[in-house]
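Please read it alongside the sequence and the structure.

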Amino acid sequence: MDYVSWVLRLIMPLVALAIVIRAFVSLRYNRRNEGALIVLEDEAAQRVYPVRYWETSIGRSRGSDIRLKNPAVSRDHAVLLRREAGWFISDTGSKAGVTVNDNPVVGRTAVYIGDRINIGGRVLTLHRADDYGDGLQEERLSRRNKQVKKTIAPSFLLFLVTLFTVLLAAETCINLGNLNVAPIAAVYVVFMWVFFIVTRMVLKRVTFELEALALFLSSIGILLSASHNTKTGWVQLVTAIFGAIGFALLLKFIEIPDRVMKWRLIITIGAVVVLGLNLLLGRVTHGAANWIVIGPISVQPSEFVKIAYIFVGASTLDALLTKKNLTEFIIFTAVCIGALFIMSDLGTAIIFFVTFLVIAFMRSGDIKTVILAISAAVFGAMLVLMAKPYIADRFAIWGNVWSDVDDKGYQQVRTLIYSASGGLFGTGTGIGGLQNVFASESDLVFGLVCEEMGFIIAILIAVSIAGFVIYACMVTTRSRSSFYSIAACSAAGLLVFQASLNIFGSTDILPLTGVTLPFISAGGSSMISCWCLLAFIKAADERTYAVKRKSLRKAAMSNGESVVEI
């Protein structure tokens, strides 16, 4: 049986590698063309501006999608938006104002083919892209011809994930000498295929790459936990199912950006209330009061506040360019980070701050804003270290764990030793030595993966999570709204930074902060949160709502005549 276990450990990294490569190849190449949706013509300047995005900023600044070099044009003058009902123009607090056919714009104003939009003295006429010369058509065909489709059937990708799960479960059962893990693996495999069928047949989603990667990562987290504690494995399985359901529901909820903006205030208040309850009812666990225990169930509210934080930080472009919107977000950030510091949840507070930097930079595009925020954070961190000496103790051992191997450096030293003992293919799930060290399935789980599953699979986990950022950056230029762009990049950045803290903290490259490794660490709240954060990344992909877009009958109207959506 040891021979069979050894063979399975050789095969699993190959299957895992195939999953990661095929998923990201499909994400990279199966993309839609970027042809113009409509055209704005400036007759006076004899210039044409193709509009390729659902939200297009117009102004004098270099960051504007359409830049008008006229002194009367404000830096951020207006935003042209596409919604289900058609096209709209919104004045973003400009000095000279905006008119449509000589009528002043108040709030969002509908615009139609042939309308003349006056922006600071520059008159732009709205035209169909199809009717405006052959140049744009040739450009669109060129983009389409260059599009390379190197993708695989989603069902085959899920088959690879299923194969990996079955192999991992079989190897675990052999190592443990019992079948306790088998029912968990069986239920998870059935759930994966049910989730796939519902996603494809009922929700009509046209892609499945991100879901496949999340299922792959979750399978490792579930079975790794089950190999050490069957009860924990069942908890991970149930929360993964709830997380996938939350992913689908959240994806449906944020389908319409304006709906999100209507709920933004309610979500903000809800998050503040949850943090307040955590401060009042939170139970101190391992030095941090970030858990609420209700009977047999323990919940970490800060994990769900991460989702709300993305909601509040991201905005549609016309709201994004207002000072009121930015002020509200800064106040909400201060409340969140302040509450986390009071709870002594330093790791999560750092994650929120880094996410704030990502959102702040994407909102403003100004590196000075980021530098100012970092300076304020450094000052705040110094005050925290002075007020809470035990947090300073964690930093004191950083980089010197070998000098105190039996006390402050105990966890990291054991993690490094056992990680190295796993080699490329691991010692076998369920039989590693690191499992006897406290927090091996949560804070130190990356070391546990290295020891029991091998360095190859550990690296593939890190690559999969890091790939979320690359993918988010790729799809944001084609997102329907700045809400999706900001939400995707900030959610991906949050997951990657959190993974970095876990991986580098357990190996003494960074201070140990006690945060989870996304999808892998034991923790139901974290599992649900990670799946929901993935929904923001998924929503930014223009293909996600492709079926919905095809069903729209009108994108703009001219004299009552509908214009079929491109």
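The points below are grouped by topic. The model is predicted. A search of the whole structure finds seven salt bridges, and the cavity count comes to two at a volume of 30 Å³ or more. A nonpolar surface patch covers about 620 Å².

**Salt bridges**

- Among the seven salt bridges is the pair of Arg 83 and Glu 55, whose closest N and O atoms are 2.7 Å apart.
- This pair links distant parts of the chain, with Arg 83 in strand E5 (residues 78–83) and Glu 55 in strand E3 (residues 55–59), 28 residues apart.
- Arg 83 and Glu 55 are both buried.
- Arg 264 and Glu 328 form a salt bridge through their side chains, at 3.1 Å from N to O.
- Because Arg 264 lies in helix H7 (residues 257–281) and Glu 328 in helix H10 (residues 323–342), this pair ties together parts that are 64 residues apart in sequence.
- Arg 264 has a relative accessibility of 8% and therefore counts as buried.
- Glu 328, with a relative accessible area of 36%, is partly exposed.
- Lys 306 and Glu 303 form another salt bridge, and their closest N and O atoms are 3.1 Å apart.
- Both Lys 306 and Glu 303 belong to helix H8 (residues 301–313), where they are three residues apart, about one turn of the helix.
- Lys 306 and Glu 303 are both buried.

**Second largest cavity**

- The volume of the second largest cavity is about 40 Å³.
- Its lining consists of Phe 195, Thr 199, Leu 203, Arg 205, Glu 211, Phe 247, Ala 248 and Leu 251.
- By class, five of these lining residues are nonpolar, one is polar and two are charged.
- Helices H4 and H6 (230–253) each contribute at least two residues to the lining.
- H6 gives the largest share of the lining, three residues.

**Nonpolar surface patch**

- The patch of about 620 Å² is made by Val 190, Val 194, Ile 197, Val 198, Met 201, Val 202 and Leu 203.
- Leu 203 belongs to this patch and also lines the second largest cavity.
- Val 194, a member of the patch, sits in helix H4 (residues 182–202).
- The relative accessibility of Val 194 is 45%, so this residue counts as partly exposed.

- Leu 217 is located in helix H5 (residues 209–228).
- With a relative accessible area of 0%, Leu 217 is buried.
- The C-alpha atoms of Leu 217 and Val 161 are 9.4 Å apart in space, while the two residues are 56 apart in sequence.
- Ala 214 is also part of helix H5.
- The relative accessible area of Ala 214 is 0%, and the residue is therefore buried.

Methods. Residues numbered from 1 in each chain as written. Predicted model: local features only at pLDDT ≥ 70, side-chain atom pairs only at ≥ 80, totals over all residues. Heavy atoms only, no water. Patch = residues over 30% accessible without salt bridge, like charges linked within 9 Å, V, L, I, M, F, W, Y side chains within 5 Å. Areas by Shrake-Rupley, 256 points an atom, 1.4 Å probe, with all protein chains shown as cover. Salt bridge = Lys/Arg side-chain N within 4 Å of Asp/Glu carboxyl O. Helix = DSSP H or I, 4+ residues; strand = E, 2+ residues; numbered from the N terminus. Buried < 20%, exposed > 50% of the residue type's maximum accessible area, 1.4 Å probe, protein only. 1 Å grid on protein atoms, 1.4 Å probe; cavity = no way out; pocket = protein on both sides within 12 Å on 5 of 7 lines; lining within 4 Å. Points joined across faces, edges and corners; volume = space filled by probe spheres on them. Nonpolar A, V, L, I, M, F, W, Y, C, P; charged D, E, K, R; others polar.
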